[in-house]
Amino acid sequence: MDAKELIARRVAREIRAGMLVNLGIGLPSLVANYVPQSLGVFFQAENGVIGLGARPPEGMENLGLTDAGGGFVSAVPGAASIDSAMSFGLIRGGHLDMTVLGGLQVDEAGRLANWKVPGKMVPGMGGAMDLVTGAARVVVAMQHSARGESKVVKSCDLPLTSLRRVDLVVTELAALKPTEEGLVLLERAPGVSLKEIRDATEADLLIPGEVPEMELA
Amino acid sequence: MKGAMTPQAAAELIPDGASLMIGGFMAVGSPERMIDALVARRLRDLTLICNDAAMPGKGVGKLISAGAVRRVIASHIGLNPEMQAKMISGEIDCELVPQGTLVERIRAGGMGLGGVLTPTGLGTEVEEGKRIIEVEGKRFLLETPLKADFSLISAWQADYVGNLSYLLTAHNFNPVMALAGKTVIAEPESIVPVGVIPPDAVKTPGVLVHHLLVRAGR
């Protein structure tokens, strides 16, 4: 199992029956693969659909039905199409139960940076700032390090997405819960030691007496 | 509503330096024939208000590639490398706005509001230079309304009086922008007799629409 699959399978366990969930493009979108249809979860795509479905059969794509990454999708029974004002009203107004986003950095205060690397990458924030500010739960799904540098840092030096403290961070090494006191090491990935996690993490972690291995969907 | 016209005739209404709201999300739900006619007219110094910069060769990306644009107000430009290069070189001024804030600023412009108060962007770069207003113990950013000289709308069906309906994820910014342009030009997939779009399915009432584009190929 590669890092991305492991992260997606752990995040999938956060999703409960009947939730409205927004998955970011890239790694977060993989989470849908591990959520059983029987849970009756509605996935929102911020470009305007509640009840995102799988890619349609070859040749049956509709130019007017895509996800927020521009990929062709279908819709599940009970789906609704909405305009951008309604879509972001759901997000900012607290009607979205959970969002799963990628990250560039998360810090000890639980703050996320994920939209800009000054001088290198300025794609724009898209919907990320609204999602992090407004969703009832914010889960960050990201690899623990990039180019040998920890993405779990003492204090974000990249521009913040929001002052909001995110609710959970899942990497291929650990699940971390940001709290008022700091980042609590909630779970270890299967077969990963505490030392490996500490060595790979710039931030100081709060480590309880027992840190169980994570369970995967 | 003043009847249906060709994209070329509609483009003639738009001068250099105009501000344009153009619907679409990564070019889904963008008025492509209208955009092609604007490119052919070799306009300059346009201001675009749109969700994103699309991709080269698609949607508003075609206007950016053509050098028609001086200023962009959008939430995302990451999929258009030409836009990024023109922003870095200074050819295009770019204001990046959180997507939910962008749509609400347009809504405020179209609905006669003096702005919106949003928590999105507090404590980030987006806050810089903006007023913070406290309401019932919570802090908000004051975001100002947006209007434009023209709104260029893509719709699914239009009827003879300009009532519009939209398809699936091709709604996006279109219904909101239809209120915020001084002149509203809609490019429907098809035009149908009055009554084919049931009143409850009308998302943009025809009273907002000034011009419709004729069907493709006519």
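Ser165(B) is the bridge partner of Gln157(B) in strand 10 of chain B. This is a predicted model. The strand that pairs with strand 10 (residues 164-165) of chain B is strand 9 of chain B, and the two run in the antiparallel sense over two bridges.

Strands 9 and 10 of chain B form a hairpin with four residues between the strands. In this hairpin, Gly162(B) takes a positive phi near 90°.

## Other pairings of strand 9

Strand 9 of chain B also pairs with strand 11 (residues 181-192) of chain B, in the parallel sense and over 10 bridges. One position to look at is Ala148(B), which stands opposite Gly181(B) in strand 11 of chain B.

A further pairing joins strand 9 of chain B to strand 2 (residues 19-22) of chain B. These strands run in the parallel sense, with three bridges between them. Here Ile22(B) stands opposite Leu152(B), a residue of strand 9 of chain B.

## Burial of strand 9

Is strand 9 of chain B largely enclosed or largely open? Strand 9 covers residues 148-159 of chain B, and 10 of its 12 residues are buried, so this strand is largely enclosed by the rest of the structure. A residue counts as buried here if 20 or more other C-beta atoms lie within 10 Å of its own. Over chain B as a whole, 52% of the 218 residues count as buried.

## Chain B as a whole

Chain B contains six helices and 12 strands. Along the principal axes, its C-alpha atoms fill a box of roughly 55 × 40 × 25 Å.

What radius of gyration does chain B have, and why does that agree with a compact globule? The value for chain B is 17 Å, and a compact globule with 218 residues would have a radius of gyration near 17 Å, so the two agree. Contacts in chain B between residues at least 6 apart in sequence can also be sorted by separation: 73% of them join residues at least 24 apart.

## Contact between the chains

The contact takes 35 residues from chain B and 32 residues from chain A. On the side of chain A that touches chain B, the elements giving two or more residues are helix 2 (84-92) and helix 3 (128-134) of chain A. Helix 2 of chain A provides the largest share of that side, five residues.

By residue type, the side of chain A that touches chain B divides into 14 nonpolar, 14 polar and four charged residues.

Definitions and conventions
Residues numbered from 1 in each chain as written. Chains lettered and ligands numbered in written order. Predicted model: local features only at pLDDT ≥ 70, side-chain atom pairs only at ≥ 80, totals over all residues. Contact = placed C-beta atoms within 7 Å. Nonpolar A, V, L, I, M, F, W, Y, C, P; charged D, E, K, R; others polar. Rg over C-alpha atoms; globule rule 2.2 N^0.38 Å. Pairing = 2+ DSSP bridges.
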